[in-house]
Amino acid sequence: MKLRKTILGLATLALMWTGAVQGLPVEAQGKPDVAGSQQAVDNVPDRDVLDIQSELEQSIMDEYKKGDYTLTDPFIAEDPFGWSPLTALILFETDEQSKVTVEVEGKDEHTGIKHTFDEFTKRHQVPVYGLYAGTDNVVTITVTDKDGNKQSNELTISTDPLPASIQDIEVKTADPEKMKDGLTFTSNMFAFDVNGDVRWYINSDDYQEAAIEEQSSMTRLENGKFLVQTNQLQQPVYYKTGLFEMDLLGKVHNIYTVNGQHHDAVELPSGNILALAEREHSDTVEDYAVEIHRNSGQIVNEYDLGEIVHMEDGIANEQYIQETIEGFSELMPDASEEEIKQRAIAFNKKDYLHVNAIFYNEEDHSILFSSRHQDAVVKFDKKTGEVIWILSDPERGEWPEELQDKLLTPVGEDFQWQYGQHAVSQLENGNILLYDNGNGRTEDVNDNYSRAVEYKVDKENMTVEQVWSYGEERGSEDFTPFISDADHLGGSSYLMTFGGHITNDDGQVIGNLFSQILPENYVEGTIVEVLGDEVVFEADLGYTYRTERNVLYVEEDEYELGKHHAKRLGEFHETEQADIDFSPESATELSPSAVEWKEIQDEGNLLALSGSIKTDSDSNEVYVVLDPVKNGESLVYLAGSHGNIHVPIPGMEANPFQLSKTGIPNGTYSIDILVRDESGQDYYAETGYFWTVK
């Protein structure tokens with residue numbers, strides 16, 4: 001099974017031309033009806049997930065109150081929050097205090113799903129997880145009272161087929177008796193069982209149809225919910241607007257606004273969130289992390305990772321400069337060698353660390369991070385920022401003099417360094433587990449390999465020993481020059497995601513990640529679980545950044561509609577206003593029909609806009625003007641060029657222009673459009689749309 005991908009490399013190239021570009025993909029609506037400009041109304045379509053889900057939840061509660069629902073005649077809300085089609089919520093009441101067991105019939109003895117809720121109550125709200133798609137699912141609800149008396153009801157819940165965007169899964173090996181329990185959850189927001197049947201997915205198009213941009217780690221929180229990236233793309237390739245705290249029914253419980261959140265986020269013992277993010281107006285990317293207060297969403301700690309390793313003015317090591325030159329040579333065949341070289345240098349100065357994983361160790365209050373572009377794992381003290389040790393091949397980089405004594409010395413005959421690594425974690429035994437992509441390990445890609453590897457660090461003697469690895473025996477067929485994951489499942493069980501094979505039409509392995517965007521190349525993934533040296537599960541699928549093994553039900557799965565009011569926590573940076581003078585009265589008037597809207601959406605925290613304006617000149621700058629209906633000054637923002645309202649990305653479809661609500665005074669605004677051509681002539685249109693900020 002081959003999956004052609006053409007976006008990621010192009011969007012990576014976009015980093016050379018763009019800085020802190022904002023944008024998020026939203027569903028096109030065509031041209032909406034334009035309201036008359038004589039009456040100021042808030043008529044911008046609302047797409048705020050919190051408002052939408054709140055309305056859905058209220059409608060379920062209202063409908064339930066109208067009936068008298070019992071075990072034999074329960075209220076069934078299929079996909080109750082509109083995002084999780086293979087789930088349902090069953091509501092009913094019993095005369096006696098009872099506990100509930102829910103069971104979803106599987107296709108065999110290994111795929112049935114069963115869970116008992118321990119609470120005795122008369123009012124029951126039972127979440128149902130793990131339905132099959134396109135199936136009349138048999139679901140059995142059993143209630144047991146305190147005397148042990150039982151009653152059951154067998155229900156049928158029908159589901160729609162999977163959308164075409166869900167990847168095909170081919171299970172090659174499965175030994176359920178030796179596998180760890182649970183479903184395999186992918187970062188593309190779906191989960192499958194031992195047979196490869198999808199049993200859960202989030203159906204937002206922003207996840208499933210833009211999987212190449214999705215980097216969510218699906219972190220399981222202590223409360224049983226998941227921490228995942230939002231579905232709003234703030235900037236290509238994968239910088240999102242923050243994090244959802246979401247349950248398996250698809251309900252978003254909180255949104256944590258994090259500017260440019262990417263790659264990884266973990267829960268701290270305090271409940272706070274440690275996340276990789278982007279700084280405002282920074283010349284560099286992927287060298288910054290924040291600690292987010294769980295209840296307020298405020299940033300309580302910031303970590304300048306480049307400063308911690310004394311590399312603020314650094315550049316990626318020579319391996320990645322050469323990879324970039326080779327990749328750009330394929331992408332820009334008409335460019336000169338010098339132009340390609342300079343672009344590659346600029347790219348690798350901007351992304352000199354490329355931090356792709358972060359981990360907190362409670363035992364010694366330290367933080368580990370993975371720097372792909374320095375082939376390094378760094379451990380530092382959370383409180384002081386002092387580097388404790390660096391796991392990195394000294395031949396691959398030039399570390400500052402003050403950190404030379406922090407470099408670990410390898411011991412043992414079987415030791416191999418890691419290169420281009422991902423997914424670093426520290427295990428309960430203190431060992432370090434990571435996915436070693438192996439970039440540049442050998443000159444010939446056909447002799448290379450990727451692997452999961454476990455190291456034992458002796459911080460007293462500053463040595464490192466390799467104690468386990470898997471992947472070398474699989475050879476170049478599973479070499480993945482980018483993405484991928486490794487997890488310890490307990491004991492001698494490990495789950496690995498060989499997530500980014502790149503091959504061409506002839507099946508040849510390709511070692512340069514930039515080559516994935518060429519038309520003849522493909523990206524595939526392979527998921528492998530081993531018990532010791534034995535493969536107990538293996539499945540092929542498409543591009544997959546990460547996978548996690550998770551059970552569906554946990555003890556915290558008692559449900560109560562209306563109990564928790566979801567919040568949007570934290571805020572974006574203020575969108576910078578344009579410094580221009582203009583007068584609508586002196587501009588050439590344009591009718592609302594001159595503005596051809598593609599998208600206009602209130603996203604709850606952002607206004608997303610895209611479209612085109614018909615004028616006599618194609619060479620122009622386009623501004624969005626917020627004109628207050630009542631008192632106040634107009635706010636002006638540069639929103640595009642050449643007659644377009646959007647953020648252009650070289651080689652990609654343009655993203656909508658995003659306007660943050662932060663810093664905008666409360667009130668209702670007319671959304672007007674100003675176009676200024678190269679001669680300085682202004683054109684002005686009142687679009688008929690009004691937007692309320694509150």
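In which strand does Glu-119 lie? I looked this up in the model, which is a predicted one, and found Glu-119 in strand β3, a run that covers residues 113-128.

I then turned to the surroundings of this residue and noted that a negative surface patch is formed by Asp-118, Glu-119, Glu-222, Glu-555, Glu-556, Glu-558 and Glu-560.

Next I checked the annotation, where UniProt lists residues 77-159 in an unreviewed entry as "domain: Arylsulfotransferase N-terminal". In the model I find residues 77-159 to be 0% helix and 65% strand, and the C-alpha atoms at the ends of this span lie 12 Å apart.

My last look-up concerned backbone angles. Most residues other than glycine have a negative phi. I noted His-365, which is not a glycine and yet has a positive phi, near 55°; His-365 sits in the loop that runs between β19 (355-361) and β20 (366-371). With a relative accessibility of 47%, His-365 goes into my notes as partly exposed.

I also recorded Ser-484, again a residue other than glycine, with a positive phi of about 95°, and I located Ser-484 in the loop between β27 (463-470) and β28 (485-490).

Notes. Residues are numbered from 1 along each chain as its sequence is written. This is a predicted model: local features need pLDDT of at least 70, side-chain atom pairs count only at pLDDT 80 or more; totals for chains, interfaces and linings use all residues. Side-chain values use heavy atoms; hydrogens and water are left out. Patches are made of residues with over 30% relative accessible area and no salt bridge: like charges are joined within 9 Å, nonpolar side chains (Val, Leu, Ile, Met, Phe, Trp, Tyr) within 5 Å. Accessible areas come from the Shrake-Rupley method with a 1.4 Å probe; for residues, only the protein chains shown count as cover. A salt bridge is a side-chain nitrogen of Lys or Arg within 4 Å of a carboxyl oxygen of Asp or Glu. Lys and Arg count as positive and Asp and Glu as negative; His and the chain ends are not counted. The place of a charge is taken as NZ of Lys, CZ of Arg, CG of Asp or CD of Glu. Helices (H or I, at least four residues) and strands (E, at least two) are DSSP runs, numbered from the N terminus. UniProt positions are given in the numbering used here, feature names are shortened, and annotations may be inferred rather than shown by experiment. Buried means under 20% relative accessible area, exposed over 50%, partly exposed in between (1.4 Å probe, protein chains only).
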